[in-house]
Amino acid sequence: MAQITAEMQRTAQVAPAQVGNGQAVHYVSTAEFTADTQCSRTVARVLHERDAKGAECTPCVKKVQALLAAQAPAAPVEEPTTPAAVEPPARIKALTEDVTTPATMFEPELTYYADGTPVLMRWTGGEKTGTTAGMTVDRGPYAFQAVTFEDGTTSNVAPHVLHRIDPPTPAAPRYLADYVTVLDGEKRVQRLTVTVEGDPTPVLAEELPYEPERNAARALEALGWTITGMETYGGPCLFRAWVAPSPVQAAPLLMPDQARGIVIQVHADANDFRTAEDANGKLLGYTFRSTTTPATRYGFITLDRTFSMALEPTREDAAAMLPTAVLSDERHANRQDPAAQRAAALAEQQAKATAARATYRATMDDRSAAEAHRHGATLPPATVDRIAERMAEPGQPGPFKPGDLIVCADGKVRTVSAMAREFAGEPLRVIVEGGAQWIASECEHARELELHAPEGYTGPRALCGYADHLAPARQDGTLDVHERTPGTMGHCPGSLLTPRAHREELTRRHTTAFSYNPPRPDFLATTAKAGDVVELDGETFTVTDCQPHEHNPHFVSLVLDGCAYPVQFQVGDRITFRHRVRRHDVRCQECGVYVVESSDEAADGVPFQRLCGVCDHPDALNPEHRAAVLEEAVARITARAAYASSATFQPVGAPDRDRPVGWTFRTGYGTQAAYGWVTAYGRLISQVGTEYRWQSERAVLDHHEAGTLAPTSHDLMPALAARPVAEIRRGLDALRASDSTPHENAPARRVVEGVIVQHDGATEGCMPRDVEHPDVLAARRALAGLAVARLTDHHDVTEPTEEEQDVRGYMVDPRGQGRVAIYWLEGGAIIRRDTPLHGAALDCLEDRMRRHGWETERMGRSAQCLFAHVPDAQRQG
């Protein structure tokens, strides 16, 4: 029996189908809606052409063949042939414009196109393009359109099968917006200019007053333009972007009634749906209220119809969880198809194999060239051609051009300044920025940076601080959350941190300084690993294996190199290690990024913190910079330890030394002022008492000339030299900040109740910068008698330093318009309302403020502060 082909299926209007779990191929009609096959059995599913591989159902095949036979045209009846009359050619009428004939009882409205109009003739078997050439005037029942086709043939065609080919739509103009801060006379302005691509004439030119906090995207939006992509980015006040006229705001993807219909499937009494937006005004979703439980609870739903199963106590808590849910929806939508990932992995594996073969061939060719050069022989022509091709490729070692980014032998990226002069018998060298020279054959062009961002991202981007790739940049100067490896769900440690300025800057994986715990040589014998060096009876041995005892689990045996038999220890025995290398996760003390570091615990200790290449100062590896920071820190700490009121430090220089040889300082004020000195190495004046500063400067220079700058008692230099330079510099900045005091000749200030007129860098109840704020003064009067925190302008209330952890009490922060935020500090850090033991302090603050007539805002369960409004009767200024 003949098989039913795809063409026969289309003619008979049937499709292959499956009945139950059977393997036989049945056929079902596609001309009408039916669930039965041609053999009157129920269809389980319709099969695709590639799945219809089984044996065909015989009754179905017969029915299909019958349908084909019924549709076949009948054989023509032979009639006596008579000579056919020769039809005269049709008369063609030229058309200068389109002609439309009105509809009749038997014919629809017909359109005849003007001569030269491009048209498309479409019929069941295909289509054909051509150009109109008039219409017939002596053919019935209606006129035909004369068409000259692209293949050169001409035919008279019924007008209802012809369709006009519209000319291509011209490309829409592209607009570029330049946003730059310029100097107009003596003041700065921010200039916005919009031009059409290729035309320098501005479409929009606006000059705005200088405002560092201005959002350029919002400013363009206010002027009727929307950013569609970044062309160049040089910071929030210098970039060029592609823009388009602002479209009409579309309706939300999810309406409140639709959101309620989704949520009530789980939360049956969900109501009071309210919109929730981010800081830029973008709609994120809705929050809703539910009263299923005894207490009212709140939840959220995103525009992608993801809603919260667990509810929150306040609407603010529910709204705070929306951005995380939206980000999760975006990641799920951007996740790659597993099949595409496998295909990409296979292609990458094949590319690596090809590159490995090319690398091996290049290595063998270079070895052959070196041997030929040594023995004075010639290379085969094929080898010479391969080497010449490889040297011509841009990614191969040298020669390099100035400005090229190259990866040097140490793995760091540098910029080429020039090629060094060639000398006979010496390898070619390349000069990088800074003057250093590297062998050109050991360097290679840096690869193009990869963008780790969602597919289709065109916004601003910057260098990631953790690894050598690009990532989306945010308006606040940090990097957006992005993946360490594209296509995975793992966050890059450089997310939400500052980027690098250029590719030559060290990444956060590079460590400039480690802080170690003191080494301890004694460890349990059971922790020994192959390669460790232990000491037994005054001799050192290398461990090759650690084996449990065969019959007693309380003993282990160490196999030592040089011992004829294993040495047995109890499980709790400790032995002395001389070499014990282990891997540790070490956290950067500034940005918190971890790296894995191997250290010898027996000799160096365990590293517990580090400084990464981005957080540390660019000059941290410069010995001169380190020495300058160390000497000034030693001098200031020594003087402050002896004279707590020492201030106004001034350096003392010498002609034969680049760094200061010492510092002079002042103690006391007015008529009680006296001056002292301290050398760069920590030698301190025995008794402050010089009347003039120049006398102290002379004493420092005398010690420098005599070579007696070193201290006579305790020397701080070795202890500080062991610390990371960034840690020393941070402490030095704090000492410098507290060094600012009023001028000694300034008149005495009027004492005002509640105002601290002399705070020496620290104030009680607020930051020094807010000490005279009228709202702060009013709040402090209301809180009189409560514990008060003593603060400096450098106090970090989220991660206090060791010196700041003794601070406890309230802190007032003015927010403007008579509104203040009141925090409670424990251990130098702010606490939340739900913090065990200490969280009730915020409720006490609220009670105190209400008793004094202040209006307070409602606090959430996890609130970190109390917002209060100054009563009009208590406001000053």
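Guide: Of the contacts in the protein between residues at least 6 apart in sequence, 46% join residues at least 24 apart; a contact means heavy atoms within 4.5 Å. This is a predicted model, in which local features need pLDDT of at least 70 and side-chain atom pairs count only at pLDDT 80 or more, while totals for chains, interfaces and linings use all residues. Residues are numbered from 1 along each chain as its sequence is written, and side-chain values use heavy atoms, leaving out hydrogens and water.

The protein has 14 helices and 46 strands, which are DSSP runs numbered from the N terminus (helices H or I, at least four residues; strands E, at least two). Helix α14 covers residues 840-851, 12 residues in total. From first C-alpha to last α14 reaches 17 Å, close to the expected 16 Å, the expected span being 1.5 Å times one less than the number of residues.

Buried means under 20% relative accessible area, exposed over 50%, and partly exposed in between (1.4 Å probe, protein chains only). In α14 the buried residues are A841, L842, L845, E846 and M849. These residues lie on the same side of α14 because they cover an arc of only 145° around the axis, taken from the directions from the helix axis to the C-beta atoms. An α-helix has 3.6 residues a turn, so residues three or four places apart point the same way.

The buried residues of α14 pack against α13 (774-782) and the strands β42 (809-816), β43 (819-826), β45 (855-856) and β46 (866-869). On the face turned away from that buried side are the exposed residues C844, R850 and R851. Just after α14, G853 has a positive phi of about 85°.
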